[in-house]
Amino acid sequence: MKRIVKYCLAVLLLLTAVGAVMAVERAPRAGKRAVAADEQTFTVVIDAGHGGKDPGCLGKLTNEKTVTLNVAKALGRMIEDSCKDVTVVYTRSDDRYLTLQQRANVANRNKGNLFISIHVNSLERGVLNREKTAGSSVYVVGVEKEQSTLSVAMRENSVIELEDDFTARYSGFDPQSAESYIIFELSNDLHLRKSLEFANMAQNELVSTAGRRNKGVRQAGFWVLWATSMPAVLVELDFMCNPESERFLVSGDGVIRCSTALYNAFARYLQNYQAQQRSL
């Protein structure tokens with residue numbers, strides 16, 4: 001009982017402190033067209049995962065930060081060329097390092113209507129069938145009881161350990177401690193329904209258009225999704241540890257097919273959003 005009370009008190013302190021951090025922390029200048037966000041009717045924030053000193057997952061041919069930036073920029077160009085009433089904001093448009101909170105700050109400051117964080121999955125060396133594991137997943141914020149899903153969230157959240165004094169900055173949140181993830185279970189995500197709407201569209205497109213194996217739509221405790229005040233998803237395009245998948249992701253065809261899949265999902269989501277706005 002004492003242990004439960006201790007955790008609850010810790011969570012309350014963490015939630016209070018995080019609110020203060022989100023309010024005052026300033027991020028580096030955002031990517032292309034961020035300043036013009038208020039001039040359009042819809043703003044999509046595209047987040048290329050990792051960057052700079054954080055390469056993300058490492059493959060034999062490339063790394064995660066390179067794949068995510070290529071797909072993010074291709075997706076952004078498609079939206080800019082085809083959706084004139086949409087503002088595209090990039091958390092990064094080059095090889096730079098941003099904290100998870102800075103990425104969320106870019107989205108919140110620009111009053112995004114949708115946040116898409118792009119990543120590539122992997123398994124640790126020594127895991128059985130590591131090089132045969134493949135497939136895409138799209139995540140929304142929440143808590144998934146499966147250890148495999150928790151492991152993905154822990155790996156993506158562990159980037160905060162590259163920050164100086166991350167314990168104080170993230171108010172005691174430990175990305176390697178399962179107990180810390182109670183905050184995602186207690187939080188009430190007001191945007192979950194819309195997040196799931198886009199997540200399902202994106203997952204279906206990654207399977208049908210990009211030809212990825214279906215690893216499903218899932219919930220997990222990703223800090224960057226929890227800290228954004230809008231519908232938000234995190235996309236794991238495929239597994240870098242699978243040589244065939246890596247060759248696909250590094251190829252021009254792979255970049256086009258992945259970005260086209262996400263664009264198709266976005267176009268459908270935008271159409272639904274605009275129809276709902278007209279009915280108000």
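Because the model is predicted, local features are reported only at pLDDT of at least 70 and side-chain atom pairs only at pLDDT 80 or more, whereas totals for chains, interfaces and linings use all residues. Residues are numbered from 1 along each chain as its sequence is written, and side-chain values rest on heavy atoms, with hydrogens and water left out.

An open sheet of 6 strands runs in the order β2-β1-β3-β6-β4-β5 with mixed pairing, where strands (E, at least two residues) and helices (H or I, at least four) are DSSP runs numbered from the N terminus, and two strands pair if DSSP finds at least two bridges between them. The edge strands, β2 (86-90) and β5, each pair on one side only, and the twist from one strand to the next averages 20 degrees; axes are lines fitted to C-alpha atoms, for helices over the stretch in contact, with angles from 0 to 180 degrees between N-to-C directions. Strands β4 and β6 (residues 232-239) are joined in the antiparallel sense over 3 bridges. Helix α2 (residues 64-82) packs on the sheet, where it touches β1 (42-48), β2, β3 (114-121) and β6 (contact means heavy atoms within 4.5 Å), and its direction makes about 145 degrees with that of β3. Helix α7 (residues 192-208) lies across β3, β4, β5 and β6 and runs at about 175 degrees to β4.

Among the 7 salt bridges found in the whole structure, each a side-chain nitrogen of Lys or Arg within 4 Å of a carboxyl oxygen of Asp or Glu, one joins Asp47 and Arg103 at 2.6 Å, N to O. This pair links distant parts of the chain, with Asp47 in strand β1 and Arg103 in helix α3 (residues 100-109), 56 residues apart.

On a 1 Å grid over the protein atoms alone, a cavity is a set of points where a 1.4 Å probe fits but cannot get out, a pocket is an open set with protein on both sides within 12 Å along at least five of seven lines, and lining residues have an atom within 4 Å of a point. The largest pocket has a volume of about 670 Å³, a volume being the space filled by probe spheres set on grid points joined across faces, edges and corners. Of its 29 lining residues, Asn121, Ser122, Leu123, Glu124 and Arg155 are the closest to its centre, and α4 gives the largest share of the lining, 6 residues.
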